[in-house]
Amino acid sequence: MAWKNLGEFLTSLEEKGDLVRVRSKVSPRLEMTELALRALRADGPALLFEQVEGSDWPVAINVLGSDRRIAQALGRQDLGEAAGTIADLLAMKPPSGIVAMIREPGKTLDLLQQLRSLAPKRVSTAACQKNETDRVDLGRLPILTCWPKDGGPTVTFPLVITKNPETGESHTGIYRLQRYGADTLGMHWQTHRVGAENFRRWSRAGKDMPVAVVIGADPASIFSSLAPVPEGISKFAFSGLMRGRPVELVPCRTVDLEVPAESEFVLEGYVRPGESHVEGPFGDHTGYYSLPEPFPVMHVTHMTWRDRPTYLATVTGKPPTEDAVLGRAITRLFLPVIRMVLPEVKDMDLPMEGLFINLAVVSIRKSYPYHARKVMHALWGLGQMMFVRYIVVVDEDVNPHDLREVLYRVSLQADPAEDFELVRGPVDQLSVSNRLENVGGKVGIDATKKWSGEGYPRPWPEEARMDPAVQARIDALLSAEPRLAQVLSARR
Ligand SMILES: Cc1cc2nc3c(=O)[nH]c(=O)nc-3n(C[C@H](O)[C@H](O)[C@H](O)COP(=O)(O)O)c2cc1C
């Protein structure tokens with residue numbers, strides 16, 4: 001099922017018992033954070049706050065805070081099915097697309113046809129433009145203040161749409177927006193983001209950069225905005241492919257950008273080169289407050305909204321949080337993208353505790369000396385994987401999702417004098433321990449079994465494993481000893 005808009009998705013969640021309406025009046029200042037985090041930590045439902053202190057509009061939160069809701073957002077039964085779709089799409093990319101075309105022409109043509117039919121459709125009238133005003137008052141929106149020491153109310157789940165002035169390609173990213181005044185917002189795009197790069201391009205040309213901000217859209221488009229979709233592919237095209245129904249785009253009223261026609265709220269305006277204002281502190285993904293820092297200012301000159309819109313929010317903080325759940329899903333869905341460049345990667349885990357960008361565990365099919373190091377450096381060169389501070393590489397027979405097993409392999413199989421690859425490079429702007437912002441150290445830990453070609457002069461010892469025939473005999477014995485079987489079934 002492809003959800004046309006946020007409202008349709010929320011209705012379906014409610015029908016499945018996966019959305020709870022909160023009828024008491026709740027304040028967007030701190031109270032929604034507390035409820036949202038409690039819901040998320042209980043693996044609970046999405047919440048819809050019907051009565052919001054200080055605003056006429058309802059707030060939806062924790063909407064994508066579980067794997068089941070993310071899968072449903074993409075119109076799938078589970079995340080595995082969604083990962084399969086991405087793998088199929090990747091098989092289309094040249095040069096493998098050409099290979100696929102020769103090997104499986106039927107399947108390839110089907111996919112090509114699908115690609116064409118699912119590309120975004122341009123429309124001239126839209127639900128999101130039913131209401132509009134030039135007299136923007138952001139104070140009307142139920143913008144959350146998430147944490148006690150936040151610098152101000154902040155739009156936490158906006159789709160920020162910008163354009164590369166040289167190619168005309170548009171881009172969508174999720175960057176929080178602190179409300180500065182009735183019609184100004186802090187544009188918190190970190191320096192490595194495509195939005196920030198587009199702004200540098202507009203600044204070089206000495207022109208104001210047009211920006212559109214969507215708050216609340218169909219759930220597949222929200223998910224796609226976060227996803228590491230290769231540059232050059234529109235997030236809305238990707239969203240159409242994922243949900244199996246094209247996204248309808250409508251031109252903004254006052255800026256040369258397009259937004260999903262079924263959006264809830266749209267803010268139109270510009271960011272002026274050279275202008276900045278202090279943003280933060282803000283309770284961030286790290287669980288710490290980000291320090292106050294200057295960020296560019298968005299002037300909101302026009303606002304449109306659909307009839308009876310719902311404001312979509314999320315809350316960041318120390319994991320588990322909604323963005324951590326989204327990050328885990330993205331890792332799972334985009335493993336095929338990594339495998340396309342590194343086919344030796346068998347599996348990968350980015351644990352939530354590592355905030356997704358600090359720690360990666362990768363299992364590989366090792367086939368030559370220093371293969372683990374090749375994989376580390378390739379990962380550090382791959383999009384947002386450049387931020388990963390610790391990359392642990394294990395052999396293919398080690399499950400990277402089993403962190404106890406991983407610790408066992410690291411402490412036993414990695415010699416700190418030989419198997420640590422220490423490098424310096426760009427790190428995430430939110431990263432805390434690096435002395436200078438945006439740059440710092442990274443370490444790769446080769447926890448694979450060592451080969452003689454890697455300077456390991458002794459034979460690698462054999463693992464002591466039980467004889468499978470004995471295990472089978474004991475299994476048979478246990479079927480006759482139910483009490484013993486029961487006590488032995490508990491896992492430590
Ligand atoms: C809830 C949430 C809030 C986010 N806030 C920010 C933010 O304020 N600034 C930022 O640069 N990235 C933020 N991100 C991460 C980006 O949205 C993400 O990296 C995305 O892939 C956009 O990257 P791109 O602009 O390079 O394509 C946030 C992600 C989530 C899930």
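Here are legends for several close-up views of this structure.

**Figure 1. The whole protein, a predicted model.** Residues are counted from 1 along each chain, in the order its sequence is written. Because this is a predicted model, local features need pLDDT of at least 70 and side-chain atom pairs count only at pLDDT 80 or more, while totals for chains, interfaces and linings use all residues. You'll find 15 helices and 23 strands here; helices (H or I, at least four residues) and strands (E, at least two) are DSSP runs, numbered from the N terminus. The radius of gyration is 25 Å, close to the 23 Å that the globule rule gives for 492 residues, so the protein is as compact as a globular protein of that length. (That radius is taken over C-alpha atoms, and the rule is 2.2 Å times the number of residues to the power 0.38.) Along the principal axes, the C-alpha trace spans about 75 × 55 × 55 Å. Buried residues account for 40% of the 492. A residue is buried if 20 or more other C-beta atoms lie within 10 Å of its own, exposed if 12 or fewer, and partly exposed in between, with C-beta atoms placed from the backbone.

**Figure 2. Strand E11 and its partners E7 and E14.** All seven residues of E11 (209-215) are buried, so the strand is largely enclosed by the rest of the structure. Side chains in a regular strand alternate between the two faces of the sheet. On one side of E11 sit Met209, Val211, Val213 and Ile215, and on the other Pro210, Ala212 and Val214. Strand E7 (158-163) pairs with E11 in the antiparallel sense over four bridges, and Ile161 stands opposite Ala212. (Strands pair if DSSP finds at least two bridges between them.) Strand E14 (265-279) also runs antiparallel to E11, joined by seven bridges, with Met209 opposite Val271.

**Figure 3. Where domain 1 touches domain 2.** Domain 1 covers 6-313 and domain 2 covers 322-454, with bounds from an automatic or database domain assignment. Their centres, taken over C-alpha atoms, are 29 Å apart. The contact takes 24 residues from domain 1 and 21 residues from domain 2; two residues are in contact if their C-beta atoms, placed from the backbone, lie within 7 Å. On the domain 1 side, helices H3 (67-73) and H4 (79-90) each give two or more residues, and H4 gives the most, with six.

**Figure 4. The shell around the ligand.** Of the 18 residues around the ligand, Gly173, Ile174, Arg176, Gln190 and Arg193 come nearest; a residue counts as near if its C-beta atom, placed from the backbone, lies within 6 Å. Helices H7 (194-204) and H10 (322-333) each supply at least two residues of the shell. By class, the shell has eight nonpolar, seven polar and three charged residues. (Ala, Val, Leu, Ile, Met, Phe, Trp, Tyr, Cys and Pro count as nonpolar, Asp, Glu, Lys and Arg as charged, and the others, Gly among them, as polar.)

**Figure 5. Two asparagines with positive phi.** Asn62 has a phi of about 60° although it is not a glycine, and is found in the loop between strand E3 (59-61) and H3. Asn62 is buried, with 27 other C-beta atoms within 10 Å. Asn438, with a phi of about 75°, is found between strands E22 (420-426) and E23 (439-446). Asn438 is partly exposed, with 15 other C-beta atoms within 10 Å.
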